[in-house]
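Subject: Handing over the structure

Hi there,

Here is the structure I promised to pass on to you. Please have a look at it first, and then read my notes below.

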Amino acid sequence: MFRKLHDPGPAALTIFVDGRPVTAEAGESVAAVLLRQPEGWCRTTPVSQSRRAPYCMMGVCFECLVEVDEQGSVQSCLTPVRDGMRIARQQGRRSLGA
Amino acid sequence: MTPTDTDLLIVGAGPAGMAAAVMARHCGLSVHVVDDQSEPGGQVWRAIETVAATQRAARLGAAYQVGADRAATFRSCGAIFEPQCQLWQIEPGFKAFTTRAGRAGKIGAKAIILATGAQERPAPFPGWTLPGVMTVGAAQILLKTADSVPEKPVWIAGCGPLTLLYATQLLAAGGRIAGLLDTTPRARLATALRHLPRALGRLGDLAKGLGWALALKRAGLPTVRHVCELQAEGRQRLERVCYRCDNGRSGEVAADVLLVHEGVVPNIHVPLTLGCNVSWHVDQQCFVPVLDVWGETSKQNVFVAGDGAGIGGAEVAEIRGRLAALRVASRLGMLSEDDAVAAARPEFVALARALALRPFLDALFAPRLQVFAPADETLACRCEEVTAGELRARAAEGRPGVNQLKAFTRAGMGPCQGRQCAYTMAHIIAAIQHRPVAEVGLFRMRPPLKPVTLGELASLDEQEPAR
Amino acid sequence: MNVETFDVAVIGGGLHGLSSALHLARAGRRVVVLERRWTGRHASGATAAGVRTLNRDVAEIPISLEAMEMWHRIGSIVGDDCGFHAHGQIRVAESDGNMAALRQREARVRALGYSHEEIINAVELRRLVPALSPHCVGALVARRDGAADPHRTLLAFRRACETAGVVLAEACGVDRVDRGSDHWLLACGERRVRAPVVVNAAGAWAARIALLFGDPIPLEVRASMMIVTERLAPLVDPVVSVVGRALSFKQSDQGTLVIGGGLQGTADLERESSVVDFTELAKGARAARDLFPAVRGVRIARCWTGIEAQTRDHLPVIGASSGSPGLVHAFGFSGHGFQLVPVVGAIVADLVTNGTTARAIEAFTPKRLTAQRVAA
C-alpha cells in the first residue's frame, strides 16, 4: 500500500511479521512497516472477522492492534520498531496463550 | 508506593505542552511531561528529532522544521519527560495514573495542563473501514515518520488546509496523486469571505494556503468539486471509490488508497472524563472545553492548552501553553499575580493576532452536514460494527439518550471509547429526535482513558506497602 | 391541574421497578412507573448480571431458588432469553482453610434441606474451569446458576412492560407526596399522579422516597466497581468467585471479561454520580490475574461504578410499609439483586393484590431495620 522513499541503509533492522523477516528502519512505527507489506491489513475484527488496517496513525482509532512480542492488542502506530521484534496479526477474538 | 510528585503535570509534548513546560520551568516550577509518542513534537512536529537531521526535512516545509528548535529547548528545560507513556486516569488531588513499559505508575501533581491536541473529525461513509482507506493525517504521519508515500497514485477526498498541505508535500516528495475529490460545499468561499477583512492580518498564512492551492492546480490534478457523497468498495480491501456531487454528477474510480479529511476537532476525551464543562462550537460542530482567558477549565487547576482548547494551529498552541503555565506559576506562588499579568500581556496580544484567521478558516472549512448523516449501511461504530441504520432504529424507539443508545447497541463500547463514533451517535439521535446536537451531548466517557492491561493495573497493587 | 390516576404507581425504573410493574399489569392493574432519569440509569445499568443462588444468605434461598426457575424460562416471562446462560457459578477455595469453610457452608445448606450447592474437588474444578490457576484446591458450585446480559435484560423487561400496558414516565422524579383520603398524590415536576398503592423501588434513593411517605428506613449506599475487557476467544464458562477475595469473574457472550466482586469506589447520591478508585480496583485486577494467570496481558476497555442501596444486614427490604398505608417496599438488594428480579415482581404483585404472599419474605421486613433504631 505504501513504499519508502529511501533505503534505510545502516539504520536498517529486522522485525518478524507472522514469522517472516521484514526490513524496517529505526525510528518508524510497526504500523508503518505493516502498511508496506503485500497484505496491507493488520488484523481481523472480533465482531465479524473483517480485515482492518491502520486508519489514523495517531492512536485514536485502535484499528492497528497487533500482537507484539507476545503482548496482544498493542497499538502498532505508537510502537517504534526494535531489532528482532516479533509481530503477529490478531484474527477475530484474541486467544490467550496456553 | 509513593507517587512521583510534581508541581505541574503536562499531558502531551506537542507545541502547547513543550511551550508550557519551558515557561513553567522558567518560573521555577517542577514539571513532569508525559506523551504516548516516543519523541516530543505532537502531530504537527511528529518525529522532528529524527527527521530534522535528514535531507527530507526540507521538503516537509519551514513550519515543520521550526519544531526542531522547540524540541531542543524543551529537552534542556529541566522538565521530567516520559515518552511512550500512556495516561489513563486523573483522580482529584491530583493523582495521575500512567502506564509505561508494562508497569503502571502514579504521579501526584498540584496542577494539570492537558495538551493532548486534536484528532481528525470522524466522517463515516460506506466502506470507510476497508484496508486502504485512511485519514490524510495518517498519510502525513507516514511521510514524516517513515518517509513513506502511497505506492500507487492516491485519491484524496475532503476539505480543509491539511488536505492541501499534504498534497503539496506528497508531490514534493515524488508521490503521485490520482485526483482530488473536493468536498467543500458550493458557495462556502462566499460565506467565508465575510471574515476576510479580519483575516487579512494574517496575509502570510493566506498566501501560504493560496500557494498550496495554486501548486496543486499547476500540477494539473483531476479535481472533482462539490463532492457530497463517498463510498469505498472492494472485497476485503479498497478497490474502488464511488462519488456523487451536489449537482447529481457521479463517478467511480479505481483506487488502492483513499485518504479522507474533514477537518480536525479537539480531543475532548480527557476534559470530559474529568468532568470539565464543555460548550458547543456551532461553526465547527464540536465540543470545546469551557476555558477562561488563561485556559483554566471549570475544574480548578486543570488547564487545556493547544488544539485541545479549540483548533488554532501551532503558533496559537504555544501561546496558550505559555499562558496556562504563567497562571499555574502564579497560582502556586512562584510568580506574583502582577508579574504573571505583565508577562501575559504580550501573549494575549499575539494570541488575538494569531487567531485572526480562524473565523475565516472555520467558516470556509465548516463541516458539511452529510458528514454527520452517513448512509444506513455505514459502520458508524467501527469497533463494535454497529451501522448507522441500527442506531437510527434504536434512537427512534422511545427517546433514548446517548448513554442508553450506547447500552442498547454497544456502539461506543469498543477500544476507541467513542473517539470515532460519539459525534456520529449524537448527530443521529439529534436528527431522529429533533433535538439540538449540543443538548444530546456525548456519552459518558469512562476510564481508563487508554487500554491498560489487567497486569498493568494489578502492578499498582503490588507497589502498595504490604498490609 | 391534570391528575393522572392509576391503580399503582411504581417509583423507580430499574429492574425491580419494571418487574413489579410487569407483574402488576398482568394481574390487571393500571400501572405507571415514575423514573427520575431513564430506565436502568443506576444500579440496573451497572450490574454484572450474575444469576446466582450460590452462597446467598440462607434467608434469601427460598425466593432465590424460585427466581432461578423463572430465569430458566425467562423467555416466556419477558419475551427474550436476556442472554441467560447457565454454565454454573463457582466459589473457589485457594487453600485448605478456605476449603474447610466451603464444606461447612455446604453442610449447613444441606441441613436446611437445599441441594443446589455442591462441593467439588480440584479435578472437577479443573474440568469446569481449565483457565483457573492450578493452585486452587476445590470449590463450591451451583450448577444451574449462570449469568445474563444486563442491557438485554433491561430492554426485555422494559418492552414487556410497554406491551402489558404499563405507562413508563421517564424524566419524572417524585418531588412531593401528599396523602389523600385513600390514595397518594405524587408530584413530579408539573405532573400529578394519584394512586391508592405505591411501590418504592427507588434503589439507592429508596430511603429518601420512604421519608416522603413518612416511613423512615435506614439505608446505606454502595458503589461497586466493575472492569470490562476487550473481546476474547472463549476462556471461561461458569461465573467464578473466590473465598476471601473480592473477585467475581465471568465472560460475556461478546467475549469480554466482566470482573467485579464488590470493591468500592465512591458514590455521590446527591449528584447521582460515582467515581472509580483505581488504587482499590487494582486489587481486583490482581485477584483476576492471580486466579487466571493467562489474563495478565488482557486490555481493559472500561471501568465504572454504579450506585446501589445497601442495608445494614445486606438483606433486601421487601414488604408492606409498617407505618404508611398503601406503600410496598422493594429495595436494598445490596449488590446482589439482579437474580431476584423476576420473583420480586411476583412478590410485589402478591402484596398489592392479596395483601400477603406465600413466598418467604419475613426476614426482609422493613421493621427489622427500624426496630433497632427505635431501641437505640
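Glu63(A) forms a salt bridge with Arg43(A), and their closest N and O atoms are 2.7 Å apart; a salt bridge here is a side-chain nitrogen of Lys or Arg within 4 Å of a carboxyl oxygen of Asp or Glu. The two partners sit in distant parts of the chain, 20 residues apart: Glu63(A) is in the loop between β5 (51-52) and β6 (65-68) of chain A, while Arg43(A) belongs to strand β4 (residues 43-44) of chain A. Helices (H or I, at least four residues) and strands (E, at least two) are DSSP runs, numbered from the N terminus. As background, side chains of opposite charge can pair when their charged atoms come close. Over all chains, the rule counts 64 salt bridges.

Before you go on, please keep in mind that this is a predicted model, in which local features need pLDDT of at least 70 and side-chain atom pairs count only at pLDDT 80 or more, while totals for chains, interfaces and linings use all residues. Residues are numbered from 1 along each chain as its sequence is written, chains are lettered from A and ligands numbered from 1 in the order in which they are written, and side-chain values use heavy atoms, with hydrogens and water left out.

Where the chains meet

Across the interface of chain B and chain A, the rule finds 1 salt bridge. The contact (heavy atoms within 4.5 Å) takes 47 residues from chain B and 35 residues from chain A. About 3600 Å² is buried between chain B and chain A, and carbon and sulfur atoms give 56% of that. Buried area is the accessible area (1.4 Å probe) that two parts lose on being put together, summed over both.

Chain A also meets chain C, with 13 residues from chain C and 11 residues from chain A in the contact. Chain C and chain A bury about 950 Å² between them, 51% of it on carbon and sulfur atoms. The count between chain C and chain A is 1 salt bridge, and the side chains of Glu230(C) and Arg94(A) meet in a salt bridge at 2.5 Å, N to O.

Helices that cross

For these pairs, axes are lines fitted to C-alpha atoms, for helices over the stretch in contact, and angles run from 0 to 180 degrees between N-to-C directions. Angles under 35 degrees count as roughly parallel, over 145 as roughly antiparallel, 65 to 115 as roughly perpendicular and the rest as oblique. A crossing is left-handed if the near helix is turned anticlockwise from the far one by less than a right angle, and right-handed if clockwise.

In chain B, the axes of helix α11 (residues 314-331) and helix α12 (residues 337-354) come within 10 Å and cross at roughly 165°. That makes α11(B) roughly antiparallel to α12(B). Their crossing is left-handed. By class, this contact of α11(B) with α12(B) has 11 nonpolar, 1 polar and 6 charged residues; Ala, Val, Leu, Ile, Met, Phe, Trp, Tyr, Cys and Pro count as nonpolar, Asp, Glu, Lys and Arg as charged, and the others, Gly among them, as polar.

Also in chain B, the axes of helix α14 (residues 388-395) and helix α16 (residues 422-433) come within 9 Å and cross at roughly 45°, so α14(B) and α16(B) are oblique to each other. α14(B) passes α16(B) in a right-handed crossing. The residues of this contact of α14(B) with α16(B) divide into 7 nonpolar, 1 polar and 1 charged.

In chain C, the axes of helix α2 (residues 61-71) and helix α9 (residues 341-354) come within 7 Å and cross at roughly 110°. α2(C) and α9(C) are therefore roughly perpendicular to each other. Here Ile63(C), Glu66(C), Ala67(C), Met70(C) and Trp71(C) of α2(C) meet Pro342(C), Val343(C) and Ile347(C) of α9(C).

Backbone details in chain B

The peptide bond from Gly93(B) to Phe94(B) is cis, with omega near -10°. Another cis peptide bond joins Pro447(B) and Pro448(B), with omega about 0°. Glu385(B) is not a glycine, yet has a positive phi of about 55°; Glu385(B) is in the loop between β21 (379-381) and β22 (386-387) of chain B.
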